[in-house]
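Here is a short briefing to read alongside the structure.

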Amino acid sequence: MRDSLFINGLRRELHRLGSRKMYIFGMVVVPLFVAVFFLSLLNEGLPERVPTAIVDLDHSSMSRSVGRSLRALQLLDVCREAESYDKALEQIRSGETFGFFVIPANFEKDALGGNTPTLEYYTNMTYFVPGTLSFKGFKTVAVATAGGVVKSTLVNMGVDPQKISSLVQPVVIDQFPLNNPWMNYAIYLAPSFTMATFALMIMLMTVFSITFEIKEGTSPGWLAANGGSMAQALLTKMLPHTVIYFVVGLGILWLLFGYSLFPLNGSLWWMIAATMLLVVASQAFGLFICSVVPNPRLSFSLCSLFGILSFSFTGFSFPVSSMYGFLAVFSWLAPIRYWFLIYINEALNGVGLYYSRYYFAALLLFPFVACLLLRRLGKACQNPVYVP
């Protein structure tokens with residue numbers, strides 16, 4: 001009897017899945033489209049050739065040498081030459097450039113005469129990535145120019161040229177970026193945003209599938225088809241969804257590690273397990289919201305708000321350790337936060353399961369917390385009341 005009820009519940013849910021195009025669109029099309037979109041958008045990896053300008057007020061051989069150094073940098077595209085500070089600032093305000101480098105008047109004369117000329121550079125940090133890259137390029141040229149001026153001054157003073165290098169740069173720094181030596185932004189950002197969108201769609205579609213039973217007044221029939229058991233009703237409803245999400249999750253992992261060849265220094269099986277747990281945890285989060293607020297409009301609003309904010313307060317774009325305490329707490333309430341940490345440990349660092357054990361355990365806690373409110377959801381389903 002119980003087996004027949006289980007099969008009837010599955011058939012009922014499969015029929016509902018096939019009766020609305022919304023399910024296929026939200027469960028399959030949107031997550032895969034977002035994955036392809038971000039991978040295409042970040043295909044170049046590290047942005048290069050940021051449009052910048054130069055303001056040369058000296059027009060000397062030394063200032064032209066500084067200009068050639070700027071143009072030789074891979075990060076910068078010195079596409080404008082402004083006559084003054086005001087003209088260069090207008091170019092930034094109009095969006096033509098993201099920064100400009102100012103060489104003052106009498107730069108060569110002051111540098112060779114022992115004075116202290118000032119090189120200035122301005123970047124538009126409203127656009128964080130191009131502003132940061134232009135700042136890095138400008139600073140590199142400014143430091144190199146300062147070293148060149150010091151070297152020329154010491155040579156004129158009669159210092160042995162062979163000793164100048166050790167005086168100008170006594171310590172040589174070698175940089176070795178670990179686990180992402182290409183400095184590829186896509187390796188960090190694409191999985192984060194792709195899986196965060198995937199988790200958001202799982203929450204929203206879970207809320208949609210449950211609360212619309214209440215809205216349409218079909219929730220009593222849903223329970224009756226499962227023998228009045230709320231637990232079995234949820235199992236027969238969520239199981240087909242889980243299988244579809246898991247297949248979509250595998251497709252996203254293939255796009256990341258198979259097609260885009262992102263580094264995978266750890267175990268692929270643990271990444272698959274983390275994705276499976278992310279699916280279940282995101283469904284549990286949506287179920288928890290439905291139990292607290294069994295109303296489509298309010299549940300959608302809460303899930304959307306929390307899901308969108310999770311892009312910010314789970315550490316993708318700003319470190320959690322630098323957040324205010326009351327905001328950092330919210331980062332540990334989002335399932336995607338734990339998947340993200342597992343991805344860093346397994347895929348990028350390759351440090352093994354031991355260092356991710358707490359994150360896997362945290363993902364397992366979400367279903368248990370959601371089950372605490374099943375009785376409340378069962379009452380709402382038995383007596384559906386829709387409040388527009």
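A residue counts as buried when its relative accessible area is under 20%, as exposed when that area is over 50%, and as partly exposed in between. Thr275 has a relative accessible area of 1%, so it is buried. Please keep in mind that this is a predicted model.

**Thr275 and its surroundings**
- Thr275 sits in helix H11, which covers residues 268–292.
- Not counting residues up to four places away in sequence, Thr275 touches Met195, Gly249, Leu253 and Trp339.
- Of these, Met195 is also a contact of Ile336, while Trp339 is listed among the residues with the most contacts inside the largest nonpolar core.

**The nonpolar cores**
- The largest nonpolar core has 83 residues, and those with the most contacts inside it are Phe198, Met230, Leu234, Phe262, Ile336, Trp339 and Tyr343.
- Helix H8 (residues 185–215) gives the most to this core, with 20 residues.
- Another core, of 18 residues, lies apart from it, and its members include Leu70, Leu76, Phe101 and Val141.
- Which residues does Ile336 contact, leaving aside its neighbours within four places in sequence? They are Met195, Ala196, Leu278, Ser310, Thr314 and Phe316.

- H2 bends by about 35° at Val29, with a proline, Pro31, following within four residues.
- The buried residues of H2 are Tyr23, Gly26, Met27, Val30, Pro31, Val34, Ala35, Phe38 and Leu39.
- Met22, Ile24, Phe25, Val29, Phe33, Phe37 and Leu41 make a nonpolar surface patch of about 710 Å².
- As general background, nonpolar side chains in soluble globular proteins tend to be buried together.

**Salt bridges**
- The count of salt bridges comes to 9.
- Arg20 forms one of them with Glu216, the closest N and O atoms being 2.4 Å apart.
- This pair links distant parts of the chain, 196 residues apart: Arg20 is in the loop between helix H1 (2–19) and H2, and Glu216 is in the loop between H8 and helix H9 (219–224).
- Arg20 is partly exposed at 30% relative accessibility, and Glu216 is partly exposed at 36%.
- Both residues belong to a network of salt bridges that links Arg12, Glu13, Arg16, Arg20, Glu213, Glu216 and Lys237.
- Arg49 pairs with Asp77 in a salt bridge whose closest N and O atoms are 3.9 Å apart.
- Here the partners are 28 residues apart, with Arg49 in the loop between H2 and strand E1 (50–56) and Asp77 in strand E2 (residues 76–81).
- Arg49 is partly exposed, with a relative accessible area of 38%, and Asp77 is partly exposed too, with 27%.
- Strand E2 also holds Arg80, whose partner Glu96 lies 16 residues apart in the loop between helix H4 (85–93) and strand E3 (99–103).
- The side chains of Arg80 and Glu96 meet in a salt bridge of 3.0 Å, N to O.
- Arg80 is partly exposed at 32%, and Glu96 counts as partly exposed at 36% relative accessibility.

Technical notes
Residues are numbered from 1 along each chain as its sequence is written. This is a predicted model: local features need pLDDT of at least 70, side-chain atom pairs count only at pLDDT 80 or more; totals for chains, interfaces and linings use all residues. Side-chain values use heavy atoms; hydrogens and water are left out. Patches are made of residues with over 30% relative accessible area and no salt bridge: like charges are joined within 9 Å, nonpolar side chains (Val, Leu, Ile, Met, Phe, Trp, Tyr) within 5 Å. Accessible areas come from the Shrake-Rupley method with a 1.4 Å probe; for residues, only the protein chains shown count as cover. A salt bridge is a side-chain nitrogen of Lys or Arg within 4 Å of a carboxyl oxygen of Asp or Glu. A nonpolar core is a set of buried Ala, Val, Leu, Ile, Met, Phe, Trp, Tyr and Cys residues joined through side-chain atoms within 4.5 Å. Buried means under 20% relative accessible area, exposed over 50%, partly exposed in between (1.4 Å probe, protein chains only). Helices (H or I, at least four residues) and strands (E, at least two) are DSSP runs, numbered from the N terminus. Contact means heavy atoms within 4.5 Å. The bend at a residue is the angle between axes fitted to the seven residues ending there and the seven starting there.
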